[in-house]
Amino acid sequence: MTDDQLLRYSRHILLDEVGIEGQERVLEAHALIIGAGGLGSPAALYLASAGVGHITLVDDDVVDLTNLQRQIAHTTARVGSPKVQSAAQAMADINPEVQVTALQARVDAAALDSLVRDATVVLDCSDNYATRQAVNAACVRHKKPLVAGAVIQFDGQITVVDPRDAQSPCYACIFPPDAEFEEVRCSTMGVFAPLVGVVGAMQAAEALKLIAGVGQSLAGRLLMLDGRAMEWSTMRVQRHAHCKVCVAR
(Lines give C-alpha, C1' and ligand atoms only; values in the text may rest on other atoms or scores of the structure.)
Protein backbone atom coordinates (compact mmCIF):
# COMPACT_ATOMS: atom_id res chain seq x y z
CA MET A 1 0.00 0.00 0.00
CA THR A 2 1.40 3.40 -0.97
CA ASP A 3 1.73 6.40 1.34
CA ASP A 4 -1.14 8.10 -0.51
CA GLN A 5 -3.33 5.03 0.01
CA LEU A 6 -2.46 4.85 3.68
CA LEU A 7 -3.61 8.46 3.99
CA ARG A 8 -6.70 8.15 1.79
CA TYR A 9 -8.00 5.06 3.59
CA SER A 10 -6.67 5.95 7.05
CA ARG A 11 -10.12 6.16 8.66
CA HIS A 12 -10.84 2.58 7.67
CA ILE A 13 -7.37 1.42 8.62
CA LEU A 14 -7.85 2.94 12.09
CA LEU A 15 -10.74 0.55 12.69
CA ASP A 16 -9.43 -2.50 14.55
CA GLU A 17 -11.83 -4.73 12.63
CA VAL A 18 -10.48 -3.54 9.27
CA GLY A 19 -6.86 -2.47 9.65
CA ILE A 20 -4.31 -2.68 6.84
CA GLU A 21 -5.15 -6.30 6.02
CA GLY A 22 -8.84 -5.57 5.61
CA GLN A 23 -8.16 -2.51 3.48
CA GLU A 24 -5.82 -4.54 1.29
CA ARG A 25 -8.64 -7.04 0.72
CA VAL A 26 -10.83 -4.12 -0.35
CA LEU A 27 -8.17 -2.88 -2.77
CA GLU A 28 -7.91 -6.34 -4.31
CA ALA A 29 -11.67 -6.93 -4.58
CA HIS A 30 -13.94 -6.86 -7.64
CA ALA A 31 -17.50 -5.67 -7.04
CA LEU A 32 -20.24 -6.17 -9.63
CA ILE A 33 -23.09 -3.66 -9.42
CA ILE A 34 -26.25 -4.36 -11.42
CA GLY A 35 -28.05 -1.04 -11.88
CA ALA A 36 -26.73 2.52 -11.83
CA GLY A 37 -29.90 4.25 -10.65
CA GLY A 38 -31.23 5.17 -7.23
CA LEU A 39 -29.60 2.29 -5.34
CA GLY A 40 -26.60 1.85 -7.61
CA SER A 41 -25.59 5.50 -7.34
CA PRO A 42 -24.77 5.62 -3.60
CA ALA A 43 -23.53 2.03 -3.62
CA ALA A 44 -21.07 2.74 -6.44
CA LEU A 45 -19.86 6.02 -4.93
CA TYR A 46 -19.23 4.50 -1.51
CA LEU A 47 -17.45 1.45 -2.91
CA ALA A 48 -15.27 3.70 -5.05
CA SER A 49 -14.49 6.00 -2.14
CA ALA A 50 -13.61 2.96 -0.01
CA GLY A 51 -11.08 1.83 -2.62
CA VAL A 52 -12.63 -1.33 -4.07
CA GLY A 53 -10.01 -2.11 -6.69
CA HIS A 54 -12.29 -3.03 -9.61
CA ILE A 55 -15.95 -2.14 -9.95
CA THR A 56 -18.06 -3.36 -12.86
CA LEU A 57 -21.19 -1.30 -13.33
CA VAL A 58 -24.02 -2.60 -15.55
CA ASP A 59 -27.06 -0.64 -16.75
CA ASP A 60 -28.65 -0.15 -20.17
CA ASP A 61 -30.41 3.15 -19.43
CA VAL A 62 -29.51 6.80 -20.01
CA VAL A 63 -29.76 9.67 -17.54
CA ASP A 64 -33.17 11.33 -17.56
CA LEU A 65 -34.22 14.55 -15.83
CA THR A 66 -36.63 12.58 -13.63
CA ASN A 67 -33.71 10.53 -12.28
CA LEU A 68 -31.97 13.50 -10.68
CA GLN A 69 -34.39 13.68 -7.74
CA ARG A 70 -32.66 10.62 -6.24
CA GLN A 71 -29.87 9.20 -8.46
CA ILE A 72 -26.98 11.15 -6.97
CA ALA A 73 -24.23 9.83 -9.24
CA HIS A 74 -25.70 11.83 -12.14
CA THR A 75 -25.89 15.53 -12.94
CA THR A 76 -28.01 17.85 -15.05
CA ALA A 77 -25.12 18.25 -17.48
CA ARG A 78 -25.10 14.49 -18.10
CA VAL A 79 -28.80 14.11 -18.96
CA GLY A 80 -28.94 11.90 -22.05
CA SER A 81 -25.64 10.17 -21.29
CA PRO A 82 -25.46 6.46 -20.48
CA LYS A 83 -25.90 5.99 -16.75
CA VAL A 84 -22.86 3.74 -16.48
CA GLN A 85 -20.63 6.40 -18.06
CA SER A 86 -22.11 9.15 -15.89
CA ALA A 87 -21.62 7.10 -12.73
CA ALA A 88 -18.10 6.10 -13.79
CA GLN A 89 -17.22 9.79 -14.11
CA ALA A 90 -18.58 10.50 -10.63
CA MET A 91 -16.61 7.57 -9.21
CA ALA A 92 -13.40 8.72 -10.93
CA ASP A 93 -13.87 12.21 -9.51
CA ILE A 94 -13.92 10.72 -6.01
CA ASN A 95 -11.21 8.11 -6.48
CA PRO A 96 -9.26 7.94 -9.75
CA GLU A 97 -7.36 4.85 -8.54
CA VAL A 98 -10.39 2.59 -8.86
CA GLN A 99 -10.73 0.61 -12.09
CA VAL A 100 -14.29 0.97 -13.39
CA THR A 101 -15.74 -1.20 -16.14
CA ALA A 102 -18.91 0.44 -17.47
CA LEU A 103 -21.21 -1.87 -19.40
CA GLN A 104 -24.23 -0.27 -21.06
CA ALA A 105 -26.31 -3.41 -21.44
CA ARG A 106 -29.28 -5.33 -20.12
CA VAL A 107 -27.68 -8.54 -18.99
CA ASP A 108 -29.10 -11.96 -19.77
CA ALA A 109 -28.34 -15.23 -18.03
CA ALA A 110 -25.29 -15.93 -20.20
CA ALA A 111 -23.76 -12.50 -19.55
CA LEU A 112 -24.49 -12.76 -15.83
CA ASP A 113 -22.78 -16.14 -15.73
CA SER A 114 -19.51 -14.57 -16.88
CA LEU A 115 -19.82 -11.36 -14.87
CA VAL A 116 -20.71 -13.03 -11.58
CA ARG A 117 -17.98 -15.65 -11.96
CA ASP A 118 -15.31 -12.93 -11.98
CA ALA A 119 -16.70 -10.92 -9.04
CA THR A 120 -15.81 -10.97 -5.36
CA VAL A 121 -19.24 -9.66 -4.37
CA VAL A 122 -22.40 -8.74 -6.29
CA LEU A 123 -24.80 -5.90 -5.54
CA ASP A 124 -28.28 -6.13 -7.05
CA CYS A 125 -29.44 -2.55 -7.46
CA SER A 126 -31.87 -3.33 -10.28
CA ASP A 127 -35.52 -2.35 -10.42
CA ASN A 128 -37.30 -5.44 -11.71
CA TYR A 129 -38.14 -8.88 -10.36
CA ALA A 130 -36.87 -10.93 -13.30
CA THR A 131 -33.40 -9.39 -13.10
CA ARG A 132 -33.24 -9.97 -9.35
CA GLN A 133 -34.05 -13.64 -9.83
CA ALA A 134 -31.48 -14.01 -12.62
CA VAL A 135 -28.77 -12.33 -10.55
CA ASN A 136 -29.59 -14.54 -7.56
CA ALA A 137 -29.44 -17.70 -9.67
CA ALA A 138 -26.02 -16.74 -11.05
CA CYS A 139 -24.68 -15.95 -7.58
CA VAL A 140 -25.92 -19.29 -6.22
CA ARG A 141 -24.39 -21.11 -9.19
CA HIS A 142 -20.97 -19.52 -8.67
CA LYS A 143 -21.17 -19.31 -4.86
CA LYS A 144 -20.68 -15.55 -4.83
CA PRO A 145 -22.18 -13.38 -2.05
CA LEU A 146 -25.03 -11.14 -3.13
CA VAL A 147 -26.35 -7.95 -1.52
CA ALA A 148 -29.90 -7.32 -2.72
CA GLY A 149 -31.81 -4.10 -2.10
CA ALA A 150 -35.10 -2.60 -3.22
CA VAL A 151 -37.09 0.60 -2.59
CA ILE A 152 -40.54 1.72 -3.73
CA GLN A 153 -42.59 4.64 -2.44
CA PHE A 154 -41.75 4.80 1.31
CA ASP A 155 -40.67 1.17 1.72
CA GLY A 156 -37.17 -0.30 1.53
CA GLN A 157 -35.60 -3.69 2.06
CA ILE A 158 -32.16 -5.28 2.03
CA THR A 159 -30.78 -8.77 2.50
CA VAL A 160 -27.61 -10.75 1.86
CA VAL A 161 -27.43 -14.08 0.07
CA ASP A 162 -24.25 -16.01 0.85
CA PRO A 163 -24.10 -19.30 -1.09
CA ARG A 164 -20.73 -20.07 0.50
CA ASP A 165 -22.78 -21.11 3.55
CA ALA A 166 -24.79 -24.24 2.77
CA GLN A 167 -27.51 -23.19 5.25
CA SER A 168 -27.93 -19.66 3.93
CA PRO A 169 -31.22 -18.99 2.11
CA CYS A 170 -31.12 -17.47 -1.36
CA TYR A 171 -33.32 -14.70 -2.75
CA ALA A 172 -35.66 -17.27 -4.28
CA CYS A 173 -36.20 -18.85 -0.86
CA ILE A 174 -37.69 -15.53 0.27
CA PHE A 175 -39.35 -14.48 -2.99
CA PRO A 176 -40.16 -17.52 -5.16
CA PRO A 177 -39.47 -16.94 -8.89
CA ASP A 178 -42.93 -18.20 -9.86
CA ALA A 179 -44.80 -16.00 -7.37
CA GLU A 180 -47.60 -13.92 -8.86
CA PHE A 181 -47.40 -10.24 -8.00
CA GLU A 182 -47.90 -6.82 -9.55
CA GLU A 183 -44.62 -5.32 -10.76
CA VAL A 184 -44.28 -1.76 -9.44
CA ARG A 185 -41.83 0.87 -10.65
CA CYS A 186 -40.74 4.31 -9.50
CA SER A 187 -41.99 5.79 -12.77
CA THR A 188 -45.58 4.90 -11.88
CA MET A 189 -45.61 4.55 -8.08
CA GLY A 190 -43.07 7.19 -7.03
CA VAL A 191 -40.25 6.91 -4.51
CA PHE A 192 -39.15 8.99 -1.52
CA ALA A 193 -35.69 10.09 -2.62
CA PRO A 194 -33.58 9.72 0.57
CA LEU A 195 -34.66 6.09 1.06
CA VAL A 196 -32.73 4.89 -1.99
CA GLY A 197 -29.70 6.61 -0.49
CA VAL A 198 -30.22 4.84 2.83
CA VAL A 199 -30.64 1.38 1.29
CA GLY A 200 -27.95 1.88 -1.36
CA ALA A 201 -25.45 3.00 1.27
CA MET A 202 -26.34 -0.04 3.37
CA GLN A 203 -25.72 -2.26 0.35
CA ALA A 204 -22.25 -0.76 0.07
CA ALA A 205 -21.69 -1.33 3.80
CA GLU A 206 -22.72 -4.99 3.58
CA ALA A 207 -20.52 -5.49 0.50
CA LEU A 208 -17.50 -3.98 2.26
CA LYS A 209 -18.13 -6.13 5.34
CA LEU A 210 -18.19 -9.23 3.16
CA ILE A 211 -15.01 -8.21 1.35
CA ALA A 212 -13.07 -7.29 4.48
CA GLY A 213 -14.46 -10.10 6.61
CA VAL A 214 -15.92 -7.72 9.18
CA GLY A 215 -18.88 -8.34 11.50
CA GLN A 216 -22.03 -10.32 10.72
CA SER A 217 -23.78 -9.97 7.39
CA LEU A 218 -27.53 -9.83 6.79
CA ALA A 219 -27.53 -13.41 5.46
CA GLY A 220 -30.63 -15.13 6.82
CA ARG A 221 -32.32 -11.82 7.59
CA LEU A 222 -34.52 -9.49 5.57
CA LEU A 223 -34.23 -5.95 6.90
CA MET A 224 -37.26 -3.76 6.07
CA LEU A 225 -37.59 0.01 6.39
CA ASP A 226 -40.87 1.88 6.81
CA GLY A 227 -39.85 5.31 5.59
CA ARG A 228 -42.99 7.00 6.85
CA ALA A 229 -42.17 6.19 10.47
CA MET A 230 -38.41 5.67 9.87
CA GLU A 231 -38.64 2.31 11.62
CA TRP A 232 -36.68 -0.82 10.81
CA SER A 233 -38.02 -4.34 11.24
CA THR A 234 -36.21 -7.64 10.75
CA MET A 235 -37.61 -10.89 9.42
CA ARG A 236 -35.63 -14.07 9.94
CA VAL A 237 -35.56 -16.19 6.80
CA GLN A 238 -34.52 -19.79 6.28
CA ARG A 239 -33.47 -21.86 3.32
CA HIS A 240 -36.59 -23.26 1.66
CA ALA A 241 -36.50 -27.04 1.45
CA HIS A 242 -38.12 -26.97 -1.99
CA CYS A 243 -36.32 -23.94 -3.46
CA LYS A 244 -35.71 -24.63 -7.14
CA VAL A 245 -32.60 -22.42 -7.21
CA CYS A 246 -30.46 -23.41 -4.24
CA VAL A 247 -31.79 -26.79 -3.10
CA ALA A 248 -29.31 -28.71 -5.26
CA ARG A 249 -26.25 -26.56 -4.61
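1. Contacts of Ser41. In this predicted model, Ser41 touches Ala36, Gln71, Ile72, Ala73 and His74, leaving aside residues up to four places away in sequence.

2. Setting of Ser41. The residue belongs to helix α4, which spans residues 40–50. Gly200 is 159 residues away from Ser41 in sequence, yet the two C-alpha atoms are 7.4 Å apart in space.

3. Helix α4 as a whole. The burial of Ser41 may be read together with that of the helix around it. Nine of the 11 residues of α4 are buried, and the helix is therefore largely enclosed by the rest of the structure. The buried residues are Gly40, Ser41, Pro42, Ala43, Ala44, Leu45, Leu47, Ala48 and Ala50.

4. The end of α4. Gly51 follows the helix, and its phi is positive, near 95°.

5. Attention may now turn to the start of the chain. Met1 is found in the segment before α1, a helix that covers residues 3–8. Its relative accessible area is 33%, so Met1 is classed as partly exposed. Together with Leu6 and Ile20, Met1 forms a nonpolar surface patch, and the three residues have about 220 Å² of accessible area together.

How values were computed
Residues numbered from 1 in each chain as written. Predicted model: local features only at pLDDT ≥ 70, side-chain atom pairs only at ≥ 80, totals over all residues. Heavy atoms only, no water. Helix = DSSP H or I, 4+ residues; strand = E, 2+ residues; numbered from the N terminus. Contact = heavy atoms within 4.5 Å. Patch = residues over 30% accessible without salt bridge, like charges linked within 9 Å, V, L, I, M, F, W, Y side chains within 5 Å. Areas by Shrake-Rupley, 256 points an atom, 1.4 Å probe, with all protein chains shown as cover. Salt bridge = Lys/Arg side-chain N within 4 Å of Asp/Glu carboxyl O. Buried < 20%, exposed > 50% of the residue type's maximum accessible area, 1.4 Å probe, protein only.
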